[in-house]
Amino acid sequence: MAKAKGTDRRAEYYWSQVKKHGSKYPEFNWPSVEMLLNLVYTYDIVSGHMANKTSPYGITKAGFSVLMILSRNQHKACKQNEISELLLVSRANITGLVDSLVRLGLVERTNDPHDRRVNMVRILAQGEKLLEDLLPGYYKHIHHICSVFTAEEKKVLNHLLTRLRNRTDEIKV
């Protein structure tokens with residue numbers, strides 16, 4: 001693996017130390033560990049880039065994910081627990097996340113009229129406006145990052161990642 005740019009020392013560390021340490025264990029399989037490290041490391045780098053696209057708008061990656069889920073719901077309110085199940089980021093503190101979006105005037109939260117224990121969340125016009133302003137540059141950035149791959153390579157990578165994700169679902173913990 002090529003040496004990481006700037007001050008990011010993770011690549012050097014993982015590719016030298018993990019392989020050396022792991023070789024003490026007969027179950028250690030470097031190609032498998034290397035692949036997963038590459039996957040996690042790449043996710044972290046790309047995720048950081050994408051967070052840099054949302055932060056000027058005053059929202060986190062998680063807040064952005066909530067707004068995207070709500071915007072695709074055709075202005076209907078969503079149950080807060082359903083939003084947490086759909087998040088592509090940690091859902092450990094959905095209440096605090098929604099609270100911050102409410103404070104920013106991007107969403108509103110109400111009680112479900114049929115069950116007061118259930119919180120309903122709906123995107124507001126200001127949240128929709130934020131997405132309209134943010135998304136063109138966001139999608140352009142995604143395309144730029146992924147332009148390193150051909151359309152066929154993207155298809156293959158998507159297929160491989162789906163297989164990996166499905167395999168983890170098959171394995172009993």
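Biologist: Which helices do the buried residues of α2 pack against?

Modeller: This is a predicted model. An α-helix has 3.6 residues a turn, so residues three or four places apart point the same way. In this structure, the buried residues of α2 pack against α1 (10-22), α3 (61-71) and α6 (125-146).

Biologist: Which residues in α2 are buried?

Modeller: They are Trp 30, Leu 37, Tyr 41, Ser 47, Met 50 and Thr 54.

Biologist: What should the 25 residues of helix α2 span?

Modeller: Counting 1.5 Å a residue, helix α2 (residues 30-54) should span 36 Å. The end C-alpha atoms of α2 are 36 Å apart, so the two values agree.

Biologist: At what angle do the axes of α3 and α5 cross?

Modeller: The axes of α3 and helix α5 (residues 94-103) cross at roughly 80° and come within 10 Å. Angles of 65 to 115 degrees count as roughly perpendicular, and α3 and α5 are therefore roughly perpendicular to each other.

Biologist: Which residues in α3 and α5 meet?

Modeller: From α3, Ala 62, Gly 63, Val 66 and Leu 67 meet Ile 94, Leu 97 and Leu 101 of α5. The residues of this contact of α3 with α5 divide into 6 nonpolar, 1 polar and no charged.

Biologist: How many disulfides does the count come to?

Modeller: A disulfide is a covalent bond between the sulfur atoms of two cysteines. Here the count comes to 0 disulfides.

Biologist: Is Cys 78 buried or exposed?

Modeller: Cys 78 has 9% relative accessibility, so Cys 78 counts as buried. Cys 146 has a relative accessible area of 31% and is therefore partly exposed.

Conventions
Residues numbered from 1 in each chain as written. Predicted model: local features only at pLDDT ≥ 70, side-chain atom pairs only at ≥ 80, totals over all residues. Heavy atoms only, no water. Helix = DSSP H or I, 4+ residues; strand = E, 2+ residues; numbered from the N terminus. Expected span 1.5 Å × (residues − 1). Buried < 20%, exposed > 50% of the residue type's maximum accessible area, 1.4 Å probe, protein only. Contact = heavy atoms within 4.5 Å. Disulfide = S-S within 2.5 Å. Axes fitted to C-alpha atoms, helices over the stretch in contact; angles between N-to-C directions. Parallel < 35°, antiparallel > 145°, perpendicular 65-115°, else oblique. Nonpolar A, V, L, I, M, F, W, Y, C, P; charged D, E, K, R; others polar.
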